[in-house]
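Hi there,

Here is the structure I promised to pass on. Have a look at it first, and then read on for what turned up in it.

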Amino acid sequence: MSGSPTRLPAWQALQDHHRIAAGFSLRELFARDPRRFDKFSLQCGDILFDYSKHLVTDETLHLLVELAHQCELPGWIARLFTGDKVNTTEGRPALHTVLRAQEPVMLDGQNIVAEVEHMLSRMERFCEEVWSGVRCGSAGRAFSDVVNIGIGGSDLGPMFVTEALASYARPRPRLHFVSNVDGAHLAGVLQGLTPETTLFIVASKTFFTLETLANARSARAWLAAKLGADGAARHFAAVTANPAAAREFGVATDAVFEFWDWVGGRYSLWSAIGLPIALAIGMDNFNALRSGAGEMDLHFRHAPLERNIPVLAGLLGVWYIDFFGAAAHAVLPYDQRLKRLPEYLQQLEMESNGKRVRRDGAEVDYATAPVVFGAAGTNGQHAFYQLLHQGTQLIPADFIACCRSDHQLAGHHALLLANYFAQTEALALGKTTAEAEAEMRRRGMPEIRIAALLPHRVFGGNRPTTSILLPRLEPRALGALIAFYEHKTFAQSVIWGINAFDQWGVELGKQLADRLLPELEGVAPASSHDASTNGLINHFKTHR
Ligand code: F6P
């Protein structure tokens, strides 16, 4: 497809269909078809995806799938997996799927799966050396703590997974994550640590990122103050696609783990960027995570579009964003261990698809990525759900939960899941005027009070949700869940005709910060910016 998808016949048919769909009632759709759940839910491995609480009928889904065909999604999926340069602006493939592939994949005449396997075996050896104490600090003491210094894709993925799978973690080493250039972050983490027993992993694809390098230099100074410069060097490992820069920083060659420019930062947790995950939960569990993702890859690659879970999720997103005008998407994990999933998906979806220019260079005339936000249930219920239920915006939401918990606290899991099921039901079905009235009457409220409260107590319903149920939060299921979101993001980028794998939008702020830094350090008042920026800088300089 080239040109705007809005010109495609399926898009136009969806626009017509939307005129009817805007009046869909989920109550009616469920009442009309008792088999709606069976029809509109799918399983990949052990994970259940229920999309029956969406404002769709067979016809809607048929038109959405037709749109995917007219956007040539099957061809794009094939191109993604076979190493075509789908990242057009950077002239690169996006081969994160190779990081969990079983079969050889050739790129420029090389079997890159073999390179991945070599990297994995180096990671395994490194982990074993750290656990056994063979690889130890300069004072001969085993590493008790590992600090990952990285930001964005070099931080969010490993941090999210390490926290999510904390119940699989070995007692040592303890993992910490530092990302923010705000010294309070690193200083806070260092407070509890001992230089002799701390290992730092500097994770940066480019080895060029200001925040990461500033934190790595400060970590090195903290080590050197106690252990000397030579001693400090033994306390570093690096993960990067720029190994020369890591060596120049002072990391020993045998502690530099390479990955490749065909792995995007926000898709990199399956590469050596996952070293903190492997150190925490072991290589077997890291491999299980990868193989869960691999299972989702096979599903995405081979399932027909109408039964393809990431494709359907992507299309449902497009349905609300482009036809109902939804500007936000909520991610609501009913599992405390997944509390960082919204944050992880913010980078994945908003950095990938927060674009206003198509692959062909033309500006879009339709909406692309929504604002992704969320929080762990049930906390979100007591913060922003009011707006989900009764606000003026339509905000589709993903509800994610596990059938089994891994704690022994009696009653909690049933309470949690009762809330999980209740929320999607309430969002879908709402509460009618008659129901609200009857409820108040049952409570014996005077008629005058009922009349006053009635408009406030009615819930419109028809708020669409996807329910995702995992059997348990184990590595394999988590891997599949993350890969599901990666592929959903890609499927949407294809519909929108944009490149999901670049991120030029983060460049401008970085460039300006570089230019500004000397001005903050100098004594002369700032005068080269707009009046607001000059005023703010000068206020800062007089008040620091
Ligand atoms: O925010 C821009 C970005 O390039 C992300 O895409 C990336 O994950 C992050 O910065 C960190 O980059 P690096 O791994 O090169 O330090």
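**Starting from the first helix**

Helix H1 (residues 9-21) has 13 residues that should span 18 Å at 1.5 Å a residue, and its end C-alpha atoms are 18 Å apart, so the two agree. Please keep in mind throughout that this is a predicted model. The buried residues of H1 are Ala10, Trp11, Leu14, His17, His18 and Ala21. Residues three or four places apart in an α-helix point the same way, because there are 3.6 residues a turn. Among the elements that cover the buried residues of H1 are helix H4 (58-70) and helix H13 (309-323).

**A hairpin and its other partner**

Next come strands E1 (residues 41-44) and E2 (residues 47-50), which pair in the antiparallel sense over four bridges. Ser41 has Asp50 in E2 as its bridge partner. Two residues lie between the strands of this hairpin, and Gly45 in the turn has a positive phi of about 60°. E2 also pairs with strand E13 (residues 465-470), again in the antiparallel sense, over three bridges. There, Leu48 has Leu469 in E13 as its bridge partner.

Strand E8 (residues 236-240) is mostly covered, with five of its five residues buried. Which way do the residues of E8 point? Phe236, Ala238 and Thr240 point one way and Ala237 and Val239 the other, and all are buried.

E8 runs parallel to strand E7 (residues 198-203), and four bridges join them. Phe200 stands opposite Phe236 in E8. Together with helix H9 (residues 210-233), E7 and E8 make a right-handed β-α-β unit. E8 also runs parallel to strand E9 (residues 256-258), this time with three bridges. Here Val239 has Phe257 in E9 as its bridge partner. E8, helix H10 (residues 243-249) and E9 make a right-handed β-α-β unit too.

**Around the ligand**

There are 13 residues around the ligand, and those that come nearest are Ser154, Ser204, Thr206, Thr209 and Glu351. Polar side-chain atoms of two of these serines are worth a look: one in Ser154 lies 2.6 Å from an oxygen atom of the ligand, and one in Ser204 also lies 2.6 Å from an oxygen atom of the ligand. From Gly153, a polar backbone atom is 2.7 Å from a ligand oxygen atom.

Helix H14 (residues 341-353) has 13 residues and reaches 17 Å from its first C-alpha to its last, close to the 18 Å expected at 1.5 Å a residue. Its buried residues are Leu341, Pro342, Tyr344, Leu345, Gln347, Leu348, Glu349, Ser352 and Asn353. Covering them are, among others, helix H7 (156-164), strands E10 (328-334), E11 (371-374) and E12 (397-402), and helix H19 (475-496).

Leaving aside neighbours within four places in sequence, Thr424 is in contact with Lys53, Phe399, Thr465 and Ser467.

Terms used:
Residues numbered from 1 in each chain as written. Predicted model: local features only at pLDDT ≥ 70, side-chain atom pairs only at ≥ 80, totals over all residues. Heavy atoms only, no water. Expected span 1.5 Å × (residues − 1). Buried < 20%, exposed > 50% of the residue type's maximum accessible area, 1.4 Å probe, protein only. Contact = heavy atoms within 4.5 Å. Pairing = 2+ DSSP bridges. Right-handed = clockwise from strand over helix to strand, strands pointing away. Near = heavy atom within 4 Å. Polar contact = N/O pair within 3.5 Å; in protein donor to acceptor, adjacent residues only side chain to side chain.
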